[in-house]
Structures are given as C-alpha cells and as structure tokens.
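Visitor: Could you walk me through one part of this model up close?

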Amino acid sequence: MKRRTLPVAAALTATAVLLLTACGSGDDKPADNDKIAGADQVAETPKQSASPSAAQAGDKPDGVDVSLPKDMNLVFDWGKPKDANEAAAMDDAANFFRAIYRGVDKRTTKDAAVTTYATGDGLHYADTQINAWIDGGWTATGTLRHYDATTRSAPNGKSVEVAFCADSGKFFGKEIKSKKILETRPSIEDFDYYKIVMVKVPTAKDLWQASKVFVETKAAKCQ
C-alpha cells in the first residue's frame with residue numbers, strides 16, 4: 001500500500017498529518033490569510049550543527065549531507081523570491097524534505113540533516129514520518145514533484161511561511177525485503193498542499209528550520 005494516515009497534533013491547530021507520499025483522513029485548514037501561523041516561533045540551535053567553514057554547494061548545503069539515492073528523486077520546480085530571507089527559507093524548506101527522505105533511506109531519525117533543518121513540531125513531524133516508513137518496512141522510489149511555491153514573511157522577520165503543492169503520482173513506496181514497488185493508479189490522492197513555517201536560526205547565517213507543518217490533502221487546486 002502506498003498511503004497511510006498518521007494523525008499528528010500541531011501546536012496551533014489539530015491537523016491530520018500524512019506521510020509525505022500519503023493521504024490523510026482529513027484536510028487541514030490553511031493558515032489565516034492575514035497572519036502567518038507560528039510567526040512567533042523561535043528556532044533552536046541544531047543539535048548537530050554545520051561547520052561554518054563547510055562548502056555551501058552540491059549535496060551539502062550548510063555543510064550537511066542531504067544527498068539521496070539515484071532512484072529517490074525530489075524535484076523542486078519553483079523560482080526563488082527576490083527577498084533574501086524568503087529565498088533562504090525556501091531553500092531550507094526543500095532541504096527539510098530532503099532530510100526526511102534521507103532519514104527514510106538511512107532508516108534513522110537521528111541523521112544530521114533532520115536535526116539541522118527541523119525544530120519543534122517540524123522535528124516531531126519529521127520523526128513521525130521517518131518512523132512510519134521504518135515500521136512499515138518501506139523505502140521510497142520515483143519522482144516527487146513540488147511546485148507553485150509562495151512565501152510570506154512575518155513582520156518580525158524571524159519566520160517565513162513557505163507554501164507549495166506536491167504531486168506524488170510518480171513516487172511510490174518500495175518494500176525493502178522484497179524490493180516490490182507499491183504502485184498505485186493516478187488519483188486526487190496524489191496531490192497535497194503544504195504550508196511550512198520556517199524560522200531563522202539566530203546562531204547560523206542563512207539557516208532556517210521547519211517549525212510547523214500544515215497539510216491539505218486531496219488538494220484539487222494542485223491538479
């Protein structure tokens with residue numbers, strides 16, 4: 001089976017949170033149009049912080065390895081906003097998702113990428129998703145596309161909401177023991193709409209962490 005419901009309570013609202021390739025039992029209500037959810041959140045210093053002298057390129061942004069297997073392809077089909085903070089927050093929102101799937105591949109929630117790009121409820125979300133894949137005996141394969149991204153900054157400049165669509169129609173679970181790929185037919189369940197609240201780490205330059213995750217499943221607007 002490709003999909004599995006995992007309810008997780010967010011701090012500001014109860015939300016049905018899903019596996020990144022999964023559909024939940026209900027749709028989460030989008031954040032208020034006039035206020036960024038979690039705008040008062042503060043980032044924590046990563047438990048395994050990146051070395052300041054590390055190269056900022058390739059598969060090691062912020063000096064942290066977020067590389068994935070060749071058959072696990074995460075595509076972020078979006079342009080960068082002009083605002084520097086929003087651009088950095090968008091980059092690290094993508095790294096947050098890469099970190100989760102790196103954890104799925106490595107079969108651990110303790111990878112440095114996870115603790116670097118997530119904090120608070122975002123870290124709880126990441127741990128829950130990774131553990132679900134581990135418990136199910138699955139890894140992932142195929143292409144997961146993210147697109148139609150928008151960003152909004154909080155007035156205090158310390159948090160940015162990154163919203164986007166995701167299409168998992170060509171992204172599947174794979175049983176680790178049998179190597180069987182769990183393909184499904186295309187449907188509305190392939191489309192999800194995310195709002196990630198990214199908060200700036202005060203002790204690191206241009207490093208942002210996912211502090212909250214809101215998900216609208218079966219998102220028709222993403223088709």
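Visitor: At the start of H1, which backbone nitrogen does a side-chain oxygen of Asp 83 reach?

Guide: That of Asn 85, to within 3.1 Å. A word on the ground rules: this is a predicted model, where local features need pLDDT of at least 70, side-chain atom pairs count only at pLDDT 80 or more, and totals for chains, interfaces and linings use all residues. Residues are numbered from 1 along each chain as its sequence is written, and side-chain values use heavy atoms, with hydrogens and water left out.

Of the 23 residues, 17 are buried, so H1 is largely enclosed by the rest of the structure (buried is under 20% relative accessible area, exposed over 50%, partly exposed in between, with a 1.4 Å probe and protein chains only).

Then the salt bridges (a side-chain nitrogen of Lys or Arg within 4 Å of a carboxyl oxygen of Asp or Glu). Asp 91 meets Lys 80 at 3.1 Å, N to O; Asp 91 sits in helix H1 and Lys 80 in the loop between S3 and H1, 11 residues apart. Lys 80 is exposed at 59%, while Asp 91 is partly exposed at 28%.

Arg 102, buried at 9%, pairs with Asp 65 at 3.5 Å and with Asp 111 at 3.2 Å, and the three are linked in a network.

Notes:
Helix = DSSP H or I, 4+ residues; strand = E, 2+ residues; numbered from the N terminus. Polar contact = N/O pair within 3.5 Å; in protein donor to acceptor, adjacent residues only side chain to side chain.
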